[in-house]
Amino acid sequence: MIPLNLPTFDIKLQGTREHPRIFDILRRRYVAFTPEEWVRQSFVHYLTEHLDYPATLLANEIELEVGLKKLRADSVLYNQKLQPRMIIEYKAPSIPITKKVFDQISAYNLLLHADYLVVSNGMEHYCCKMDYEGKKYLFLDHIPRYEEI
């Protein structure tokens, strides 16, 4: 496992050396342990254990449809009325965060209309708040605690 720029957590692994699996607390099952999944699980634990995000309002691998094309948002935070508040896109630590990553999460947001967009490769994390009136997003200097959003 590559050390990430995120707090450690109690990792639950199973499977074999060739096919390791990590426990996803949101899906409540073991999933393939890939570099991107390592970032996802570390970030979800960071949100729930350190920033007080309710796990009950977070979901992983949300399927979206644009015409005949199916997309998949990595994680979505909902409000109490189950409206999307935040979309989170993960990349493996070796993948740099570029404009292309923001274009990808922006495409998801055309469907979900969330207030916050977050991207992380486990080493770098970016959060922006949507300004729908100004048709832009405003970068924040931190990932907000749940009560801040």
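## Rings, strands and a loop threonine

Visitor: Over the face of which residue does Lys12 lie?
Guide: A charge sits over a ring if NZ of Lys or CZ of Arg is within 6 Å of the ring centre and within 35 degrees of the ring normal. Lys12 is 5.7 Å from the ring centre, and the residue is Phe23.

Visitor: What kind of model is this, and which atoms count?
Guide: The model is predicted: local features need pLDDT of at least 70, side-chain atom pairs count only at pLDDT 80 or more, and totals for chains, interfaces and linings use all residues.

Visitor: Why is the pair of Tyr137 and Phe139 given the class it has, and which class is that?
Guide: Rings of Phe, Tyr and Trp (its six-membered ring) pair if their centres lie within 6.5 Å; planes under 30 degrees apart count as stacked, over 60 as edge-to-face and the rest as tilted. A search of the whole structure finds ten aromatic pairs. In this one the centres are 5.7 Å apart and the planes stand at 80 degrees, so the class is edge-to-face.

Visitor: Which residues form one aromatic cluster with Tyr137 and Phe139?
Guide: Tyr137 has a relative accessible area of 29% and is partly exposed (buried is under 20%, exposed over 50%, partly exposed in between, with a 1.4 Å probe and protein chains only). Phe139 is also partly exposed, at 49%. The cluster holds these two together with Phe102 and Tyr126.

Visitor: What is the strand order of the open sheet?
Guide: Helices (H or I, at least four residues) and strands (E, at least two) are DSSP runs numbered from the N terminus, and two strands pair if DSSP finds at least two bridges between them. Six strands make up the sheet, with mixed pairing, in the order β4-β5-β6-β7-β8-β9.

Visitor: Which residue in the turn of the β4 and β5 hairpin has a positive phi?
Guide: Strands β4 (residues 58-66) and β5 (residues 69-78) run antiparallel and are joined by eight bridges. Glu63 stands opposite Arg72 in β5. Two residues lie between the strands, and the one with a positive phi of about 60 degrees is Gly67.

Visitor: Which backbone nitrogen does the side chain of Thr34 reach?
Guide: Thr34 is placed in the loop between β3 (29-32) and α1 (35-50), and is partly exposed at 37% relative accessible area. At 3.0 Å, its side chain reaches the backbone nitrogen of Glu37.

Key: Residues numbered from 1 in each chain as written. Heavy atoms only, no water. Polar contact = N/O pair within 3.5 Å; in protein donor to acceptor, adjacent residues only side chain to side chain.
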